[in-house]
Structure formats: C-alpha cells, structure tokens
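Dear colleague,

Please find below the structure that I am handing over to you.

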Amino acid sequence: MKIEKVFVIGSGTMGNGIAHTFAQFGYKTTMMDISEDALKKALSTIEKNLDRQVKKGSLSEEVKQATLANITTANDYANIAEADLVIEAATENKELKFKIFQEVDKLVKPEAILATNTSTISITEIAAKTTRANQFIGMHFMNPVPMMKLVEIIRGLATTDETYNLINETAIQLGKIPVLANDYPGFIANRILMPFINEAIFALMEGVGSVEGIDQVAKLGFAHPMGPLTLADLIGLDTVLAILEVLHNDIGDPPAPLASDGRLDHVPVLPDLPFKDLMDRPFIAFRAFQLERVRYRHVLIPCSS
Ligand SMILES: NC(=O)c1ccc[n+]([C@@H]2O[C@H](COP(=O)([O-])OP(=O)(O)OC[C@H]3O[C@@H](n4cnc5c(N)ncnc54)[C@H](O)[C@@H]3O)[C@@H](O)[C@H]2O)c1
C-alpha cells in the first residue's frame with residue numbers, strides 16, 4: 001500500500017508538528033481536534049514555523065505554500081475513511097486513546113494503518129482495543145517535530161512486518177531517522193529522559209541548585225542543547241506528569257524522595273507555574289522553595305502513597 005493521505009488526531013504541541021511535517025513532504029494531511037481554538041492556534045503555529053524555515057533558507061516559499069495547501073482541518077471524523085494512515089496525537093491519557101481508537105477503527109478503510117504518538121502507553125494494549133492490531137504501531141515523534149530527526153517506531157505484539165516496514169519507510173521519506181523500540185513503558189526515549197527530568201526537579205526542590213544552575217550543568221557539563229527543566233516546560237508539565245505516572249505504575253521506579261513526606265499530601269495544589277518563571281531567581285529562598293516543592297510534588301510526582 002502507498003500512503004498518500006494522513007489523518008492526524010490532536011493539533012496540540014505534537015499534532016501540529018506532525019501535520020506540518022507530513023504536509024511539507026507532500027502528503028495530503030487532515031489535522032483534527034475537538035477544540036476549535038487548538039486548531040486555530042495550530043495553523044498559526046505551522047505558518048510561523050514555516051516562515052522561520054524559509055527565513056533560515058531551509059525551505060523555499062513555494063514549498064511553504066504547498067505545505068499549507070496540503071493541510072485541511074476538521075473537528076470530526078467526516079473524512080477519515082479516505083486516510084491511508086491515522087496518527088493519534090491527542091492528550092496522553094490511556095482511556096482517551098482507547099476511546100479514540102475504538103471509534104476510529106469503525107470508520108477507517110480496511111487497509112488503513114493506525115499509529116499512536118503516545119510517549120509511553122503500551123502499543124499492544126491500545127492496539128487490542130481495535131480489530132486490526134496487526135496494522136497498529138507506535139510512531140513516536142520528537143518535539144519540535146519539523147526539526148527533530150528521530151522517530152521511535154514501536155511494534156506492538158501483533159504488528160506485522162508489512163506494517164512496520166511501511167511505517168519505517170514513511171519515516172525515512174519524511175527525512176527522519178527511525179529507531180526501532182520494543183513495547184516497554186517509556187520505550188527508549190522516555191525510559192531514559194524522564195528519570196533525568198524527574199531527578200532535576202528533585203534537585204531543585206531540595207535546593208541543590210537553582211533552575212538556571214541545574215540547566216547550565218546539563219548544557220555545559222553534558223553538552224545538552226537545553227537543560228532538563230527547560231525541556232520539561234517544552235514538553236508540557238501535564239504531559240511530563242502523565243508519562244511519569246505510567247513509568248511509576250508499570251516499572252515501579254523507586255519512590256521520589258518527597259513521596260514519603262505525608263504532610264505534603266494535605267497541602268492544596270498551587271496554580272500552574274513553568275520552570276522558566278523561576279529562572280530569574282539566583283537562589284530560591286527557603287520559604288518560597290517549600291511552596292514550589294509542594295507544587296512540584298503534586299504536579300510531577302505520582303502520588304500513589
Ligand atoms: N509534548 C511533547 O514533547 C511530546 C513528545 C512526544 C510525544 N508526545 C505525545 O504526543 C501526544 C500529544 O501530546 P501534546 O504534547 O501534543 O499534547 P497537547 O496537550 O499539546 O495537545 C493535545 C491535543 O489533543 C486534543 N484532544 C484531546 N482529546 C481529543 C479527541 N478526543 N480528539 C481529538 N483531539 C483531542 C486537545 O484538544 C489538544 O489540542 C501525547 O500522547 C504525548 O504523550 C508529546
């Protein structure tokens with residue numbers, strides 16, 4: 001089968017990057033979201049990112065226009081039956097993904113391939129909710145999708161060689177470098193990255209260093225392009241939490257240092273606060289530090305205890 005039409009479910013951080021990339025490489029792409037606002041924002045993000053590529057000289061104005069012409073938006077599944085490949089990039093929530101694929105499975109054509117961009121949820125488990133587990137696969141793009149070369153390809157237990165080969169070849173056609181991972185929690189990327197981010201947050205909470213200090217150590221000491229706290233903000237703290245919860249439940253990583261501090265369970269959750277808002281503070285005073293520590297305990301650490 002040849003993949004020509006792609007249907008992307010979810011137009012957030014990843015969905016718009018995935019739609020952008022497929023459209024740039026000539027695929028007719030539908031970007032679907034239940035939120036009209038998200039779709040509007042996604043289109044404007046794609047346009048801004050294309051402009052940046054043109055400015056840098058990595059894309060011509062003609063390709064930019066062709067890319068935009070290849071993208072249509074939708075707030076339902078009306079034209080999903082035309083799709084050769086469906087990629088789901090909706091919120092990282094197991095029950096939501098189960099529900100989406102149960103519905104999609106009934107609407108797509110028999111030969112369509114179903115893929116999920118999940119960061120960590122079992123491919124085999126999601127595939128089992130459909131009638132075509134053999135045509136189901138994980139296609140885990142990295143953020144920001146148009147820039148990042150890696151695509152992790154995750155085979156579920158029932159994924160056929162035919163499905164794997166087609167998706168592997170498709171990733172190459174998108175200018176990406178696919179790496180095969182087995183279906184374990186977090187696959188390869190998040191199995192390694194998330195404990196690193198988690199530990200950086202603990203280091204902040206315990207006052208080992210400031211936000212800036214921790215990020216500088218990773219940049220200057222490990223030659224990372226950005227620090228773990230900046231990266232956590234880029235991924236989105238809600239997504240980071242969802243991934244950590246799966247890792248905690250499925251692998252049983254040792255509890256975080258603060259997990260045994262019962263007092264923290266009774267303190268209300270503080271409003272959202274990305275790490276970048278703490279950047280200017282050379283050192284976090286103890287009282288403020290206590291508050292942030294509570295906030296991140298609640299936001300980022302699985303609270304099973
Ligand atoms: N953020 C990252 O860096 C990153 C990297 C790799 C993979 N992922 C994975 O990609 C997926 C999406 O993550 P994100 O960061 O783009 O999330 P996001 O919150 O930015 O976007 C999710 C989008 O899904 C939409 N959505 C929710 N329910 C839907 C439904 N039923 N149908 C259609 N759309 C629906 C929301 O309106 C939202 O626009 C998650 O599975 C996540 O784990 C994220």
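This is a predicted model. Around the ligand there are 26 residues, and those that come nearest are Gly10, Gly12, Met14, Ser119 and Asn143. Sorted by class, the shell around the ligand holds 14 polar, 10 nonpolar and 2 charged residues. Both domain 1 (5-181) and domain 2 (190-300) take part, with at least three residues of the shell drawn from each. Two helices, H1 (13-24) and H4 (94-107), each supply at least two residues of this shell. The largest share comes from H1, with 3 residues.

The sheet comes next. It is an open sheet of 8 strands with mixed pairing, and the strands follow the order E3-E2-E1-E4-E5-E6-E7-E8. Which strands stand at the edges? They are E3 (71-74) and E8 (177-181); each has a single partner strand, so one side of each is left without a neighbour in the sheet. From one strand to the next, the twist averages 25°.

Strand E2 (residues 28-32) pairs with E3 in the parallel sense, over 4 bridges. Met32 has Ala74 in E3 as its bridge partner.

Helix H4, already named as a supplier of residues to the shell around the ligand, also packs on the sheet. There H4 touches strands E1 (5-9), E4 (85-88) and E5 (113-116), and its direction makes about 165° with that of E4. Helix H6 (residues 161-173) lies across E5, E6 (136-141), E7 (150-155) and E8. The direction of H6 runs at about 175° to E7.

A further pair of helices deserves a description. How do H8 and H9 lie relative to each other, parallel or perpendicular? The axes of H8 (residues 211-222) and H9 (residues 228-235) come within 7 Å and cross at roughly 100°. An angle of 65 to 115 degrees counts as roughly perpendicular, and H8 and H9 are therefore roughly perpendicular to each other. In their contact, Val211, Ile214, Asp215 and Ala218 of H8 meet Pro228, Leu229 and Thr230 of H9. The residues of this contact divide into 5 nonpolar, 1 polar and 1 charged.

Finally, two details of the backbone should be noted. The peptide bond from Asn143 to Pro144 is cis, with omega near 0°. Pro144 is found in the loop between E6 and E7, and Asn143 is among the residues that come nearest to the ligand. Phe187, in turn, has phi near 50°, which is a positive value in a residue other than glycine. Phe187 has its place in the loop between E8 and helix H7 (189-205).

With kind regards

Key. Residues are numbered from 1 along each chain as its sequence is written. This is a predicted model: local features need pLDDT of at least 70, side-chain atom pairs count only at pLDDT 80 or more; totals for chains, interfaces and linings use all residues. A residue is near a molecule or strand if its C-beta atom, placed from the backbone, lies within 6 Å of it. Ala, Val, Leu, Ile, Met, Phe, Trp, Tyr, Cys and Pro count as nonpolar, Asp, Glu, Lys and Arg as charged, and the others, Gly among them, as polar. Domain bounds come from an automatic or database domain assignment. Axes are lines fitted to C-alpha atoms, for helices over the stretch in contact, and angles run from 0 to 180 degrees between N-to-C directions. Angles under 35 degrees count as roughly parallel, over 145 as roughly antiparallel, 65 to 115 as roughly perpendicular and the rest as oblique. Two residues are in contact if their C-beta atoms, placed from the backbone, lie within 7 Å. Two strands pair if DSSP finds at least two bridges between them.
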